[in-house]
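Hi there,

Here is the structure I promised to pass along. Please have a look at it first, and then read on for what turned up.

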Amino acid sequence: MFGGPFEMTATTTGEPFTQDDLVGTPSLMFFGFTYCPDVCPMTLAEATAWKQELGLGADDLNIIFVTVDPERDTIEHLATYLSNFDEDVFGLVGNQAQTDQIKRSYGVFSEVVEPEGSTDYLVNHTSSLYMIDAQGEFFGTIAFGESSDTAKDKIRRLTSI
């Protein structure tokens, strides 16, 4: 089974968010970190652009960013970061155990990479968008770098528009 139980904290409410909260509205879920120099901001920018181009609102499609860097990505920091994209994008934050659990549930890989001689670090991570249908079930993925037309076709099928 793909997916499964998890509990994180939503940046929009500060309240717990579980797999049950995925039911009701289709979602694009992305795992990343706010200090990511390229893949994460590009993926969020593309996802929000596709949503706008398709004329979808908050009731039609969620865009959820799950941090894989709980050490640096506090709820406040993540909320500020996500405000640069679209007001409907929200994040999920947890402690290390919660982060490890949601990563296991969705088969997500991540590892900290510390460049030699640097105090900062990067996190290598899975870079696909996970599509979750309105029943909270895995629907498919959108690969990083996939053509916009293909991605929008997949989102149309996901949202039944």
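Let me start with aromatic pairs: rings of Phe, Tyr and Trp (its six-membered ring) pair if their centres lie within 6.5 Å, and planes under 30 degrees apart count as stacked, over 60 as edge-to-face and the rest as tilted. Before the results, two notes on the basis. This is a predicted model, in which local features need pLDDT of at least 70 and side-chain atom pairs count only at pLDDT 80 or more, while totals for chains, interfaces and linings use all residues. Residues are numbered from 1 along each chain as its sequence is written, and side-chain values use heavy atoms, with hydrogens and water left out.

Aromatic rings

By the rule above there are ten aromatic pairs. One of them joins Phe65 and Tyr81, which form a tilted pair because their ring centres are 6.0 Å apart and their planes stand at 50°. Phe65 sits in strand β4 (residues 62-67) and Tyr81 in helix α2, so this pair ties together parts that are 16 residues apart in sequence. (Helices, H or I with at least four residues, and strands, E with at least two, are DSSP runs numbered from the N terminus.) Both Phe65 and Tyr81 are buried, where buried means under 20% relative accessible area, exposed over 50%, and partly exposed in between, using a 1.4 Å probe and protein chains only.

Tyr106 and Tyr130 make an edge-to-face pair, with 6.2 Å from centre to centre and 70° between the planes. Since Tyr106 is in helix α3 (residues 96-106) and Tyr130 in strand β8 (residues 129-132), the pair ties together parts 24 residues apart in sequence. Tyr106 is buried at 3% relative accessibility, and Tyr130 is buried at 5%. Ring pairs also link these two tyrosines with Phe6, Phe17, Phe31, Phe90 and Phe138 into a cluster.

Leaving aside residues up to four places away in sequence, Met29 touches several others, including Ile64, Val66, Tyr106 and Tyr130; contact means heavy atoms within 4.5 Å.

Charged side chains

The structure holds five salt bridges, each a side-chain nitrogen of Lys or Arg within 4 Å of a carboxyl oxygen of Asp or Glu. One of them joins Asp88 and Lys51 at 3.6 Å, N to O. That pair links distant parts of the chain, 37 residues apart: Asp88 is in the loop between α2 (75-82) and β5 (90-93), and Lys51 is in helix α1. Asp88 is partly exposed at 26% relative accessible area, whereas Lys51 is buried at 4%.

Arg72 and Asp69 form another salt bridge, with the closest N and O atoms 2.6 Å apart, and both residues are buried. In the bridge between Asp153 and Arg156 the closest N and O atoms are 2.7 Å apart. Both of these residues lie in helix α4, three residues apart, about one turn of the helix. Asp153 is partly exposed at 38%, and Arg156 is partly exposed at 32%.

Best wishes
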